[in-house]
Structures are given as structure tokens and as C-alpha cells.
Amino acid sequence: MKTPARFLLSSALLASALALAAHRSFASSTASDETKLGEIMGGMRGKTKALAGTIGDAAKNADSLKSLDELERLILDAKLLEPTDMPEIAADKQPAHLAAFRHQMALLLSEVAQVEAEVAAGKNADAEKRLKNKVTALRDEGHQEFQPEDEHGGGGGQGKKKK
Ligand code: HEM
């Protein structure tokens, strides 16, 4: 059996562990979208890099289609989150900002789906062009509009300065 002193000590330790856990989950609740979006974006970069290496080659269409499918799923995940620069936006403009973020993600999803349709139809040159031009432009616009000011240029130099 535990002595009262040991019991008190272990209760105190348990209470501090619980308090710490509660604090951490509270503290991370405001930053979780940011972290999660950054993580998803890292995944999107991986898929687009893999695609760049296969998309022009019809013999690698199975690989390209797999990357495209995974990229589309990541875009859908990202679309459910809030843009990371939300705290920089005036409260009355936040709903419109969120809507614009989702709109940009929907445009990206649509463009990536067209890349997929072109690969599936064996139009590799068209697919490669769309990936290099349209998808990249939507990415850069997204970073210009929705990355926090101090994160521009992050993600492999893919961001631009806000106007
Ligand atoms: C295929 C297209 C895209 C790629 C490959 C891409 C890639 C990336 C990468 C590598 C980062 C840096 C992640 C990090 O913090 O480590 C990033 C950040 C970010 N991107 Fe994208 N991105 C794409 C499209 C978009 C679009 C369309 C939007 C907006 C609608 C967007 C919004 C953001 C935001 C807000 C961040 C900051 C995330 C954070 O640090 O919390 N991205 N992106």
C-alpha cells in the first residue's frame, strides 16, 4: 500500500500531467489548422515533384495517375482548413477570405482533375503543359493571397510577396 506522502506525490504528478495535456491541446487548437495545412502542402509538393518526373512519359502513366489521385485527395483535405494568414485579416473580412481560399482550392482541384483526364486519354504533352503552367500559376496565386506575410518564399521558393 502507498504511504499518504507517496499517494499525495503521485496525485500531484498526475494532476500536473493532466493540466499539461489540457494546456497543450488548448494551445495547439489555435495553431492546429496552420500546422495541418503546412503538412498537407508538404505532401502536395511531394506529389507535384513526383508528377513532374513522370507526366511526360506515357509508359509511366500508372505512376502519374496515382500521384494525381493522391494530390486531389490532399487538395480536398486542404480545402476543409482555414488559410494560415487568417489572423492578419480584419474580422469582418474573414468570411470572404475563407470563401476565396476555398474557391482557389476548387480551381486547383479542377485543373488537377483536367491534368488527370489528359493523362488518362494519353495526352501527355497537354497534361505536362497544364501542370507546368496552370497548376503552378494557381499555386503561386494561392501563396500570394493566403500565406502569412512572414512565410512568403517558404515551401521551396514557391511564395510571392503580397502586393
Ligand atoms: C499544387 C499546388 C501547391 C503546392 C505544390 C503547394 C506547396 C506548398 C508548400 C511546399 C508549402 C510550404 C509548407 C510548409 O510550411 O512547410 C505551402 C504552404 C502554403 N500553401 Fe501551398 N501549395 C499549392 C497550392 C496552394 C494553394 C492553391 C493555396 C491557397 C488556396 C495554398 C496555400 C498555402 C498556404 C496558406 C500555405 C502556408 C501553410 C502553413 O505554413 O501553415 N497553396 N504550399
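Two residues count as in contact when their C-beta atoms, placed from the backbone, lie within 7 Å. Keep that in mind for the whole tour.

Some housekeeping before you click: residues are numbered from 1 along each chain as its sequence is written. This is a predicted model, where local features need a pLDDT of at least 70, side-chain atom pairs count only at pLDDT 80 or more, and totals for chains, interfaces and linings use all residues.

**Start with Leu 71.** Select Leu 71 and show what surrounds it. Leaving aside residues up to four places away in sequence, Leu 71 touches Met 44, Lys 47, Thr 48 and Val 112.

**Zoom out to the fold.** Switch to cartoon and colour by secondary structure. The protein chain has five helices and zero strands, where helices (H or I, at least four residues) and strands (E, at least two) are DSSP runs numbered from the N terminus. Among contacts between residues at least 6 apart in sequence, 62% join residues at least 24 apart. Buried residues make up 20% of the 163 in the chain; buried means 20 or more other C-beta atoms within 10 Å of the residue's own, exposed means 12 or fewer, and partly exposed is in between, with C-beta atoms placed from the backbone.

**Select α2, residues 61–79.** α2 has 19 residues and reaches 27 Å from its first C-alpha to its last, close to the 27 Å expected at 1.5 Å a residue; the expected span is 1.5 Å times one less than the number of residues. Now pick out Ser 64, Ser 67, Leu 68, Leu 71, Leu 74, Ile 75 and Ala 78, which are buried. They cover an arc of only 125° around the axis, which puts them on the same side of α2; the arc is that of the directions from the helix axis to the C-beta atoms.

**Next, α3, residues 94–120.** Its 27 residues should span 39 Å at 1.5 Å a residue, and its end C-alpha atoms are 39 Å apart, which agrees. Buried residues here include Phe 101, Met 105, Leu 108, Val 112 and Val 115. The buried residues of α3 pack against α2 and α4 (124–146). Just after α3, stop at Gly 122, with its positive phi of about 75°.

A nonpolar core is a set of buried Ala, Val, Leu, Ile, Met, Phe, Trp, Tyr and Cys residues joined through C-beta atoms within 7 Å. The largest one has 19 residues, and those with the most contacts inside it are Leu 68, Leu 71, Ile 75, Ala 78, Val 112 and Val 115. α1 (4–54), α2, α3 and α4 each supply at least two residues of this core. α3 gives the most, with six residues.

**On to α4.** Where does α4 kink? Look for a kink of about 30° centred on Leu 131; the bend at a residue is the angle between axes fitted to the seven residues ending there and the seven starting there. Leu 131 is also one of the buried residues of α4. Then select Thr 136, in the same helix α4: Thr 136 is partly exposed, with 14 other C-beta atoms within 10 Å. Draw a distance from its C-alpha to that of Leu 108, 28 residues away along the chain, and you get 9.3 Å.

**Finish by colouring on pLDDT**, the predictor's confidence in each residue, from 0 to 100. The chain averages 82, and 72% of the residues score at least 70. Over residues 16–34 the pLDDT is below 50, and beyond near neighbours in sequence this stretch has three contacts in the model. Residues 154–163 are also below 50, with 19 such contacts.
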